[in-house]
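Subject: The model you asked about

Hello,

Here is the structure, with the sequence alongside. Have a look at it first, and then read my notes below.

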Amino acid sequence: MSETHLTMGAHVAPPMEERPFAIPSKKLAMWLFIMADVMTFAACVAAYAFLRNATPDWPRPFHGVTSVAIMTFIMLTSSLTMLIALTAAKASDKAGAFRWMMITAVAGAAFTALHIRDWMGMISQGAGLLQNPWGPAAFGAAFYTITGFSLAHISVGTIALFVVAIRYQGGRYNADDVEIVNLFWQFVGLVWLFIVPVVYLMNLAR
Amino acid sequence: MTTAEGSGIKKYVVVYLALLVITALQFVIGYQNIEGAALVVRMLTFAIVETILVVLFLMNLGSEKRVFVKFVVFFMLFVLATMNYIWTDSFRLLLFRVTGFGPS
């Protein structure tokens with residue numbers, strides 16, 4: 001091999017195949033994670049639906065869903081603020097992106113606090129994982145599993161939002177990273193939009 | 001704010017308002033005296049519309065390459081289809097618990 005060839009090889013990147021599906025690898029990884037997570041949540045919802053359908057005296061403990069309505073409003077609004085952050089990040093508006101990501105993260109924290117308060121209310125009424133005052137014991141396990149998975153995702157998403165916002169502000173992350181955390185946040189919001197009708201609205205006290 | 005940014009945010013606001021309206025309708029239906037399959041069908045229809053809006057516009061799947069969209073949609077539908085294997089056993093249990101007859 002000639003010296004000229006070696007010198008050229010050191011400076012010119014070798015030809016690479018195009019990215020699969022023509023999207024950045026990190027974004028593809030997040031999509032694959034979301035697709036796997038859809039399976040987890042679908043299994044939870046299917047298990048809940050199985051028990052709900054097979055149990056004639058399934059509890060209907062929800063007399064009012066005001067807190068659920070407020071939580072849903074917060075979640076939907078945080079989806080919008082996250083998208084505003086993404087739009088700002090794509091336009092290289094660092095201050096704007098940071099501000100809107102922080103607003104989204106605070107909304108996520110407020111949602112988490114309300115969700116825990118909701119759980120505390122249920123627990124104070126005697127609803128545990130293995131027993132509840134309304135009948136079938138499976139209700140508690142099903143309720144806490146499905147809402148617990150959602151709460152865990154939203155809590156992790158809130159932490160991720162804080163971390164990405166701070167690192168984006170510091171110049172360690174770029175708009176692509178904001179887009180990835182946006183994908184996750186929209187996904188957890190979408191899961192909540194399924195949990196509300198299935199778990200709460202179909203079980204309102206009559 | 002540039003024109004492109006403004007139109008992007010405008011699109012997101014429209015989808016956000018649509019989601020708010022659909023969710024409000026779900027709450028209204030929840031408080032009506034609708035039971036059984038009618039309630040499930042209405043709730044899930046609205047939830048599916050919300051899913052389409054979120055995935056296409058808020059997760060921006062609509063602006064990805066067609067082959068990737070097909071890949072995601074095929075996988076999601078496959079997952080959702082497989083979850084429907086529960087129903088025969090669920091109804092078997094229901095029948096047993098209501099009538100006391102049939103396999104335990």
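A word on terms before we start: helices (H or I, at least four residues) and strands (E, at least two) are DSSP runs, numbered from the N terminus. The expected span of a helix is 1.5 Å times one less than its number of residues.

This is a predicted model, in which local features need pLDDT of at least 70 and side-chain atom pairs count only at pLDDT 80 or more, while totals for chains, interfaces and linings use all residues. Residues are numbered from 1 along each chain as its sequence is written, and chains are lettered from A and ligands numbered from 1 in the order in which they are written.

**Chain A**

Helix H6 (residues 175–200) of chain A has 26 residues and spans 36 Å from first C-alpha to last, close to the 38 Å expected at 1.5 Å a residue. Of those 26 residues, 21 are buried, so H6(A) is largely enclosed by the rest of the structure. (Buried means 20 or more other C-beta atoms within 10 Å of the residue's own, with C-beta atoms placed from the backbone.)

**Chain B**

Chain B has four helices and zero strands. Its radius of gyration, taken over C-alpha atoms, is 20 Å, whereas a compact globule of 104 residues would be near 13 Å (by the rule of 2.2 Å times the number of residues to the power 0.38). Its C-alpha atoms fill a box of roughly 70 × 35 × 15 Å along the principal axes, and 12% of its residues count as buried.

**Where they meet**

The contact (C-beta atoms, placed from the backbone, within 7 Å) takes 40 residues from chain B and 33 residues from chain A. On the chain B side, H1(B) gives the most, with 13 residues.

Best wishes

How values were computed:
Two residues are in contact if their C-beta atoms, placed from the backbone, lie within 7 Å.
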